[in-house]
Amino acid sequence: MPAKFFTVEEANALLPEIEPLMLSLQRLNQELLEVRGRMAAWQWKARANGHLAMPDLEADARRARELAEEVQALVRRVEALGCEVKDLDLGLVDFPALRNGRPVYLCWRLGEPQVAYWHELDTGFAGRRPIDW
């Protein structure tokens with residue numbers, strides 16, 4: 001059971017705090033993917049020709065660790081608010097809520113002006129329905 005259940009109003013009130021965190025998370029995650037892609041390319045080149053630019057690979061490995069730590073720290077900040085980060089690429093955040101006494105998630109996607117959808121605990125984004133309560 002979550003520590004807190006949100007009303008729609010409470011979830012919407014948190015969006016000004018959550019939105020910039022999610023924007024930062026998307027930016028950091030994209031950079032992390034790029035750095036990891038470069039690292040994979042360095043390793044592929046090393047297998048192909050036997051040469052590896054160690055300073056470049058080491059710099060990318062350090063940067064990947066830094067970025068991963070930053071992403072984890074921001075996810076923890078969002079989760080400390082009682083929310084769950086579901087998808088960084090889509091910018092999905094779920095808020096535990098009660099609907100007719102049953103636990104559900106209020107679902108918000110980065111770019112949406114307000115929390116306007118909900119879904120069952122086991123259906124995820126594909127099961128989103130407009131809030132009708």
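Q: Which residues does Pro-103 touch, not counting residues up to four places away in sequence?
A: This is a predicted model. Pro-103 sits in strand E3. Beyond its sequence neighbours, the residues that Pro-103 touches are Phe-5, Ala-97, Leu-98 and Leu-121.

Q: Is Pro-103 buried, partly exposed or exposed?
A: The buried class ends under 20% relative accessible area, and the exposed class begins over 50%. Pro-103 has 29% relative accessibility, so Pro-103 counts as partly exposed.

Q: What separates the C-alpha atoms of Pro-103 and Pro-2?
A: Along the chain, Pro-103 and Pro-2 are 101 residues apart.

Q: How many helices and strands are in the protein, and what pattern do they follow along the sequence?
A: The protein has two helices and five strands. Read along the sequence, the pattern is α-α-β-β-β-β-β.

Q: Which residues of the largest nonpolar core touch the most other members?
A: This core has 34 residues. In the core here, the residues that touch the most other members are Met-22, Phe-95, Leu-106 and Trp-108.

Q: Which element gives the most to the largest nonpolar core?
A: Among the 34 core residues, Met-22 is one of those touching the most other members. The elements giving two or more residues to this core are helix H1 (8–49), helix H2 (54–80), strand E2 (92–99) and strand E3 (102–109). With 12 residues, the element that gives the most is H1.

Q: Which residues does Met-22 touch, not counting residues up to four places away in sequence?
A: Met-22 is among the core residues that touch the most other members. Outside its sequence neighbours, Met-22 touches Val-78, Val-85, Asp-87, Leu-88, Gly-91, Leu-92, Val-93, Trp-108 and Leu-110.

Q: Where does Leu-110 lie, and is Leu-110 buried or exposed?
A: Leu-110 belongs to the loop between E3 and strand E4 (117–119). Leaving aside neighbours within four places in sequence, Leu-110 is in contact with Glu-19, Met-22, Leu-23, Gln-26, Leu-90 and Gly-91. Its relative accessible area is 15%, so Leu-110 is buried.

Q: What separates the C-alpha atoms of Leu-110 and Leu-92?
A: Leu-110 and Leu-92 are 18 residues apart along the chain. Their C-alpha atoms are separated by 6.4 Å.

Q: Which residues are in contact with Val-71, leaving aside its neighbours within four places in sequence?
A: Val-71 has its place in helix H2. Val-71 counts as buried because its relative accessibility is 9%. The residues in contact with Val-71 are Leu-25, Leu-28, Asn-29 and Leu-88.

Q: How far apart in space are Val-71 and Leu-25, C-alpha to C-alpha?
A: Val-71 and Leu-25 are 46 residues apart in sequence. They are also in contact. C-alpha to C-alpha, they are 6.0 Å apart in space.

Q: Is Arg-99 buried or exposed?
A: Arg-99 lies in strand E2. Arg-99 touches Val-104, Trp-118, Asp-132 and Trp-133, not counting residues up to four places away in sequence. Its relative accessible area is 16%, so Arg-99 is buried.

Q: What is the phi of Asn-100?
A: Asn-100 is found in the loop between E2 and E3. Asn-100 is exposed, with a relative accessible area of 70%. Most residues other than glycine have a negative phi. Asn-100 is not a glycine, yet its phi is positive, at about 55°.

Q: What radius of gyration does the protein have?
A: The C-alpha atoms fill a box of roughly 65 × 30 × 25 Å along the principal axes. A compact globule of 133 residues would have a radius of gyration near 14 Å. The protein has 19 Å.

Q: How far apart do the centres of the positive and negative side chains lie?
A: The protein has 17 positive and 21 negative side chains. The centres of the two sets lie apart by 3 Å.

How values were computed
Residues are numbered from 1 along each chain as its sequence is written. This is a predicted model: local features need pLDDT of at least 70, side-chain atom pairs count only at pLDDT 80 or more; totals for chains, interfaces and linings use all residues. Side-chain values use heavy atoms; hydrogens and water are left out. A nonpolar core is a set of buried Ala, Val, Leu, Ile, Met, Phe, Trp, Tyr and Cys residues joined through side-chain atoms within 4.5 Å. Buried means under 20% relative accessible area, exposed over 50%, partly exposed in between (1.4 Å probe, protein chains only). Helices (H or I, at least four residues) and strands (E, at least two) are DSSP runs, numbered from the N terminus. Contact means heavy atoms within 4.5 Å. The radius of gyration is taken over C-alpha atoms; the globule rule is 2.2 Å times the number of residues to the power 0.38. Lys and Arg count as positive and Asp and Glu as negative; His and the chain ends are not counted. The place of a charge is taken as NZ of Lys, CZ of Arg, CG of Asp or CD of Glu.
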